[in-house]
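Dear colleague,

Please open it first, and then read the notes below it.

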Amino acid sequence: MIHVYYGEGKGKTTAAAGLALRALGNGLSVLFLQFMKARASGEITQFSALSGIAVLRNSIDCGFYRNMTEAQKAQMTRMHNENIEKVFALLDKGCDLLVLDEVFSAYEYNLLDKSMVRQLYGMAENNQFELVLTGRRPDAVFIQGADYITEMKKERHPFDRGVSARQGIEY
């Protein structure tokens, strides 16, 4: 089935990581692809210690889209597309759960080959694997066929009071 976790609130990656951990605990194989991120985070560190999961992400953190230069955007697009190509190669070895974390931002900002993402989506629609997609604003193409749709809505967040992201909680 296809899961969509979206919105402006905290918890999208956390929900996807929790589902990945649950799948691993039940003997399923997981591919976890992060878009737009390269900074160290607790869940990714822990995933590297587990068997049954492959994690793909950018090697360089380019920061927020609004602050990127054209060269950084091109570099990020190249990294994203390389990682998607690696996913296709890894799918041949078998995958029960594929997570595309922050794919909606990369898709919205044209920082990836959209046809490859739509191809992965189509494979999930054909029951080849469970698919989780996360990000702020999903394109309508992802909502149409989704089986689970969860909106994370921020009511209050410490960032609004000037509190920076805290290690172990936000990342």
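Predicted model: local features only at pLDDT ≥ 70, side-chain atom pairs only at ≥ 80, totals over all residues.

Residues are numbered from 1 along each chain as its sequence is written, and side-chain values use heavy atoms, with hydrogens and water left out.

Helices (H or I, at least four residues) and strands (E, at least two) are DSSP runs numbered from the N terminus. Helix H3 covers residues 70–91, and its 22 residues should span 32 Å at 1.5 Å a residue, which agrees with the 32 Å between its end C-alpha atoms; the expected span is 1.5 Å times one less than the number of residues. Buried means under 20% relative accessible area, exposed over 50% and partly exposed in between, with a 1.4 Å probe and protein chains only. The buried residues of H3 include Met76, His80, Ile84 and Val87, and among the elements that cover the buried residues of H3 are strand S4 and helix H5 (114–125).

Leu98 lies in strand S4 (residues 97–101) and counts as buried because its relative accessibility is 0%. Leaving aside neighbours within four places in sequence, Leu98 is in contact (heavy atoms within 4.5 Å) with residues including Val87, Leu120 and Phe129.

Ser41, in the loop between S2 and helix H2 (42–47), is buried at a relative accessible area of 9%, and beyond its neighbours within four places in sequence Ser41 is in contact with Arg57 and Tyr171.
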